[in-house]
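Subject: Structure handover

Hello,

Here is the structure I promised to pass on. Please open it alongside this email.

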Amino acid sequence: MSSSSTKFSAVTGSARKIKDNAADWHNLMVKWDKLNTDGFQFATNIVNMRNSQKHHQPLEDFPSASASQTFPSAVQQQAAAAAELQEECSKLQAVVDQMVVIVTKMEHLTTIQRGVQDLEEFQFGPEGRTLPLCHSWRTKDFEESSQVLLAAFSQELKLKQVILQKLAHTTASDLHMVYLSCWLHQPFVPAQTRLALEALLLETGHRLL
Amino acid sequence: MREVFGVFFLSRTLHSALMSLQGALRKSFAALQNHRAVWRSVLEECDPLMESLGNLGEQMQALSRVRVSDTPLGVFPDLQERLQFQLLQAVDVLLHRLWDRMSRLQAIRDSIGNQVSTVLQLYQDAADALGLAAATERSSVVPSLADMLGWLQDAERFYRRQFLQRKTLLQTLRLDDLAQVEGASKSWKSLESPDSEQQITDNLCRLSFFMESQ
């Protein structure tokens with residue numbers, strides 16, 4: 001990301017903080033997106049495994065005794081399948097755990113932003129400073145933007161936690177598909193929310209106008 | 001005596017008309033080869049888009065059959081509408097990309113059409129003077145004028161029809177008919193016409209000697 005040279009010269013501590021904040025938000029969202037993609041793969045695997053368990057045919061149809069030495073018994077097969085399923089669930093759990101960390105960092109960024117806002121109110125009164133730190137946004141706008149993003153990702157995380165808990169416990173294929181859709185399309189983080197981040201980056205000079 | 005067509009005693013003006021017609025034909029067939037390659041690559045870009053479209057149709061169908069409020073997802077009161085909205089947005093993005101490809105296909109169809117009508121016009125201008133014999137004369141390695149013009153027209157008709165069918169499919173896509181959306185990819189694939197394509201390829205093969213000679 002290139003930084004602009006003009007308006008946001010970052011001489012004041014507050015301006016520096018806001019700019020770094022915006023960069024951190026961007027990085028967190030990039031990490032989130034990667035986790036989302038990985039998680040979708042694991043979630044899909046879980047659904048596929050559940051489906052094949054549903055249609056599992058036991059191998060007891062094989063009559064000969066020697067067959068049981070070369071083919072695993074139905075019990076062994078089921079145990080192996082259960083272990084595989086457990087492994088994918090663990091991977092998905094790990095993804096959600098990392099997403100919890102990201103949302104925690106987002107909370108931290110929002111708190112910092114509120115700190116900047118509080119300081120400005122202290123220095124300049126409730127109206128804030130007269131000359132904006134950036135192109136056109138008041139400091140309050142940054143705080144509000146942070147709140148919006150934080151709320152969206154917190155809610156999305158809650159959704160993912162429900163999916164994580166319930167995905168392996170259902171066999172209804174329509175519900176499976178809805179769980180996967182929810183994971184992939186992230187209904188609480190629509191495109192508009194991401195635009196809010198883009199606006200944030202523009203204002204702080206991380207993206208050139 | 002030029003023996004490309006084995007036609008003797010051609011007057012000089014007729015001869016030059018014939019040469020320019022042959023030149024135009026070579027140019028058209030060369031252009032057709034290029035257009036076909038570009039057409040194929042644009043269609044290949046459409047395949048994953050259509051597949052994604054069908055996939056989204058499947059997702060929307062599943063969502064319509066589930067009452068989210070009766071599931072563990074019911075703790076999120078507005079989830080059904082939000083997800084529905086996201087899916088529709090995703091469909092919208094896909095359709096945009098598909099229409100972008102369609103306009104590229106349209107440009108190819110138009111190019112082919114222009115090429116063909118130019119050559120046909122050239123022929124028509126010289127037709128009476130050339131006469132039927134020259135038009136239908138063929139050798140073992142070079143097809144007749146009539147054949148070559150016919151093949152060009154066949155190709156033009158093929159691409160015109162393909163474009164119309166594909167455009168119609170996309171235009172008649174109704175987002176409230178989820179079964180149709182889910183089946184879109186299959187319908188798209190069924191528009192392929194490998195026999196007709198092969199026919200054009202075969203015709204172009206018959207032209208190789210003609211294309212190389214001057």
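Below is what was found in it, chain by chain and then across the contact.

Please keep one thing in mind: this is a predicted model.

**The two chains**

Start with chain A. Its secondary structure comes to 6 helices and 0 strands. Along the sequence the pattern reads α-α-α-α-α-α. Of its 209 residues, 44% count as buried. Take the contacts in chain A with a separation of 6 or more: 82% of them are between residues 24 or more positions apart.

Now chain B. There are 7 helices and 0 strands here. Read in order, the pattern is α-α-α-α-α-α-α. Chain B has a radius of gyration of 25 Å, while the globule rule gives 17 Å for 214 residues, so the chain is more spread out than a compact globule. Its C-alpha atoms fill a box of roughly 90 × 25 × 25 Å along the principal axes. In chain B, 42% of the 214 residues count as buried. Of the contacts in chain B between residues at least 6 apart, 80% join residues at least 24 apart.

**Where the chains meet**

The contact takes 21 residues from chain A and 21 residues from chain B. The area buried between the two chains is about 1800 Å². Carbon and sulfur atoms give 74% of that area.

Polar links are there as well. Between chain A and chain B, 6 residue pairs are in polar contact, counting pairs with both residues at pLDDT 80 or more. On the chain A side, three helices each supply at least two residues: H4 (139-166), H5 (173-185) and H6 (191-203). H5(A) gives the most, with 8 residues. By class, the side of chain A that touches chain B has 13 nonpolar, 5 polar and 3 charged residues.

How many salt bridges does the rule find across the interface of chain A and chain B? The count is 1. The partners are A:Asp174 and B:Arg65, with their closest N and O atoms 2.8 Å apart. A:Asp174 is partly exposed, at a relative accessible area of 21%. B:Arg65 counts as exposed, because its relative accessibility is 51% and the cut-off is over 50%.

**A residue to look at: B:Leu56**

B:Leu56 lies in helix H1 (residues 12-65) of chain B. Is B:Leu56 buried or exposed? Its relative accessibility is 6%, so B:Leu56 counts as buried. Buried here means under 20%.

What does B:Leu56 touch, leaving aside its neighbours within four places in sequence? In chain B, the partners are B:Leu87, B:Ala90, B:Val91 and B:Leu94. From chain A, A:His185 is also in contact with B:Leu56. B:Leu94 is 38 residues away from B:Leu56 along the chain. The C-alpha atoms of the two are separated by 9.9 Å.

**Salt bridges elsewhere**

A search of the whole structure finds 22 salt bridges over all chains. Here are some of them.

In chain A, the side chains of A:Lys91 and A:Glu87 meet in a salt bridge, at 4.0 Å from N to O. Both residues sit in helix H3 (residues 74-124) of chain A. They are 4 residues apart, so about one helical turn separates them. A:Lys91 counts as partly exposed, at 32% relative accessibility. A:Glu87 is partly exposed too, at 45%.

In chain B, B:Asp147 forms a salt bridge with B:Arg138. The closest N and O atoms of this pair are 2.9 Å apart. B:Asp147 is partly exposed, with a relative accessible area of 24%. B:Arg138 is exposed, at 53%.

Chain B also holds a network of salt bridges. It links B:Glu45, B:Asp100, B:Arg101 and B:Arg104.

Best wishes

Technical notes: Residues numbered from 1 in each chain as written. Chains lettered and ligands numbered in written order. Predicted model: local features only at pLDDT ≥ 70, side-chain atom pairs only at ≥ 80, totals over all residues. Heavy atoms only, no water. Contact = heavy atoms within 4.5 Å. Buried area = accessible area lost by both parts, 1.4 Å probe. Polar contact = N/O pair within 3.5 Å; in protein donor to acceptor, adjacent residues only side chain to side chain. Nonpolar A, V, L, I, M, F, W, Y, C, P; charged D, E, K, R; others polar. Rg over C-alpha atoms; globule rule 2.2 N^0.38 Å. Buried < 20%, exposed > 50% of the residue type's maximum accessible area, 1.4 Å probe, protein only.
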